[in-house]
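Reader: I am new to reading protein models and would like to go through one with you. Could we take it step by step?

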Amino acid sequence: MEDFKTIIEPFRIKMVEQIQVSTKEQRKQYLKDAHYNTFLLDSEKVMIDFLTDSGTSAMSANQWAGIMQGDESYAGASSWHKMRKAVYDLTGHEFMLPTHQGRAAERILYGYLGGVGKTFISNTHFDTTRANIEFSGAEAIDIPIEEGKLPELYHPFKGNIDLLLLEKTILEKGAENVAGVILTVTNNSGGGQPVSMENAKGVAAICKKYHVKYFLDCCRIAENAYFIKHREAGYENKTYKEIAQELFSLTDGSIMSAKKDALVNMGGFLTLKDETIAIACKNLLIITEGFSTYGGLSGRDMEAIAIGLKEVFESDYLHYRIRSTAFLGEKLRAMGVPLMWPIGGHAVYIDAKALYNQIPVNEYPGQALVCELYVTGGIRSCEIGSVMFGKYDENKNLIPASMELVRLAIPRRVYTQSHIEYVIEVFEKIMQNKDVVKGIKIIEEPAFLRHFTSKFQQL
Ligand code: F0G
């Protein structure tokens, strides 16, 4: 787009979905009924849903047309060929296994390569990645660069992995015990921050030297390619797709949750270069997902993925996508809202510990902000702090997470500029009230993944 200040949504809307507008009094009651846990809220009671960018994209007219052309044959469907071609075109990896979502691909690949005594190393393993690795008996080690852990510090590629530590960890564990290095692009758990091509190449060189397998967790690959083009010397004249192709060319395989950058509501895949691993994984695929030419997907899903994987690399789309996320983050920052800087690709991460410095970590400042955002403006967000990652010591005292963040994850092609302007206005109220907000107490919690089902009380 030319040099205008306003970035228009590069699409028109031809079908709409009603948002139920509620009052503050209603929302107070809804939140109380949901035990102050926004995962327990019905979506109808939410006005702006920033819980996740996963599976929440709006599909295009072309994708919907593709849905009607889905070939639902059990074997060798034309939809499978279209998806395989789109994925091969991007990754250059010979083998592609369709799965119902990203974590199914993780379970198959990391379950097969993992097991007791094995180690995986990543910039940061996403929760389901870590869970699948640990479930196999293997260990998952995160080694992001130091800059990635400092919310306020500017660094163009805060998602990078620490290359010195990578080599050191491989030597310590013994290369034969390292089942794989997983580069997550962009680094979701680290604030949606990108990884540079230089860093990705550094990983490739180390993996080659020690004969260790190298995988991309590529669910936000197009968003990562945008940052490389605009921030890394030598890439300004490459297309986003060429940059993504180069990232894939360095690796032995990839895991994709198509619910993000393939612009669909459900789906995923696994790609591999190595035939032996591919055959073993295909056998596992057939046991729990489905036959190798559909895995966990319908023909229509495969059609929509094939189309979405092309649309996501269109430059007007990507520019709008990354700039609109940054627009929200930059406005909030200018208002004095403490947040992870610079703004990542798919989400704005608020530093709730800095915002509510009167609330101690064992009273969950992140969850307090999640509740305030909902009551004030009907905005649903997600705590990524001590509710999600906190543990207890033997005296039942909280061992807090390293940060108390709240993620505003932006669904793709769903909200317009005025929705975002509204969110900014809600934050003006949040800022006016920030000194009187109180903490949160957990009154009921499960043993695992407590953020999903815990019940809370406001203090
Ligand atoms: N890897 C990354 C980096 C992810 O962000 C996710 C999902 C997965 C793997 C798993 O994919 O959900 O299709 O099974 N992230 C979602 C989120 C849930 O809200 O960030 P899945």
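Reader: Among contacts between residues at least 6 apart in sequence, what share joins residues at least 24 apart?
Author: In this predicted model, 71% of the contacts between residues at least 6 apart in sequence join residues at least 24 apart.

Reader: How many helices and strands does the chain have?
Author: There are 17 helices and 16 strands in the chain.

Reader: And what does the radius of gyration say about the chain?
Author: A compact globule of 459 residues would have a radius of gyration near 23 Å, and the chain has 22 Å, which agrees. The C-alpha trace spans about 60 × 55 × 45 Å along its principal axes. Of the 459 residues, 56% count as buried.

Reader: Which domains does the assignment give?
Author: The domain assignment gives domain 1, made of 24-53 + 314-458, and domain 2, which covers 61-311. The C-alpha centres of domain 1 and domain 2 lie 27 Å apart.

Reader: How many residues of each domain are in contact with the other?
Author: In domain 1, 27 residues are in contact with 29 residues of domain 2.

Reader: Let us turn to the inside. How many residues does the largest nonpolar core have?
Author: The largest nonpolar core has 63 residues. Leu166, Leu183, Ile221 and Leu309 are those with the most contacts inside this core. Helix α7 (residues 197-210) gives the most to the core, namely seven residues.

Reader: You named Leu183. Which residues does Leu183 touch?
Author: Leaving aside residues up to four places away in sequence, Leu183 touches Asn123, Ile161, Val195, Asn199, Ala200, Val203, Tyr214, Phe215, Leu216 and Asp217.

Reader: What does the second core include?
Author: The second core is separate and has 46 residues, including Tyr36, Leu373, Val406 and Ile420.

Reader: Since Tyr36 came up, is Tyr36 buried or exposed?
Author: Tyr36 is buried, with a relative accessible area of 14%. Tyr36 also has a positive phi of about 60°, although it is not a glycine. Its place is in the loop between α1 and β1.

Reader: What about His35, then?
Author: His35 is not a glycine either, yet it has a positive phi of about 55°. His35 lies in the loop between α1 (24-33) and β1 (48-49). With a relative accessible area of 29%, His35 is partly exposed.

Reader: Now the peptide bonds. Which residues does a cis peptide bond join?
Author: Thr186 lies in the loop between β5 (178-184) and α7. Another cis peptide bond joins Trp341 and Pro342, with omega about -5°. Pro342 is placed in the loop between α12 (315-334) and β9 (347-351).

Reader: A new topic: how many aromatic pairs does the structure hold?
Author: The structure holds ten aromatic pairs. One of them is formed by Tyr110 and Phe120, whose ring centres are 5.1 Å apart.

Reader: Why is that pair of Tyr110 and Phe120 called edge-to-face?
Author: The planes of the two rings are at 65°, and planes over 60 degrees apart count as edge-to-face, so the pair of Tyr110 and Phe120 is edge-to-face.

Reader: Where do the two residues of this pair sit?
Author: Tyr110 is in helix α4 (residues 102-113) and Phe120 is in strand β3 (residues 119-122), ten residues apart, and the pair links distant parts of the chain. Both Tyr110 and Phe120 are buried.

Reader: What about the rings of Tyr226 and Phe227?
Author: Their centres are 6.1 Å apart and their planes are at 90°, so the pair of Tyr226 and Phe227 is edge-to-face. Tyr226 and Phe227 are both buried.

Reader: Which residues form an aromatic cluster?
Author: Phe11, Tyr317 and Tyr320 form one aromatic cluster.

Reader: Lastly, which lysines lie over the face of a ring?
Author: Lys45 lies over the face of Tyr30, at 5.1 Å from the ring centre. Lys229 lies over the face of Tyr240, at 5.5 Å from the ring centre.

Methods:
Residues are numbered from 1 along each chain as its sequence is written. This is a predicted model: local features need pLDDT of at least 70, side-chain atom pairs count only at pLDDT 80 or more; totals for chains, interfaces and linings use all residues. Side-chain values use heavy atoms; hydrogens and water are left out. Rings of Phe, Tyr and Trp (its six-membered ring) pair if their centres lie within 6.5 Å; planes under 30 degrees apart count as stacked, over 60 as edge-to-face and the rest as tilted. Helices (H or I, at least four residues) and strands (E, at least two) are DSSP runs, numbered from the N terminus. Buried means under 20% relative accessible area, exposed over 50%, partly exposed in between (1.4 Å probe, protein chains only). A charge sits over a ring if NZ of Lys or CZ of Arg is within 6 Å of the ring centre and within 35 degrees of the ring normal. A nonpolar core is a set of buried Ala, Val, Leu, Ile, Met, Phe, Trp, Tyr and Cys residues joined through side-chain atoms within 4.5 Å. Contact means heavy atoms within 4.5 Å. The radius of gyration is taken over C-alpha atoms; the globule rule is 2.2 Å times the number of residues to the power 0.38. Domain bounds come from an automatic or database domain assignment.
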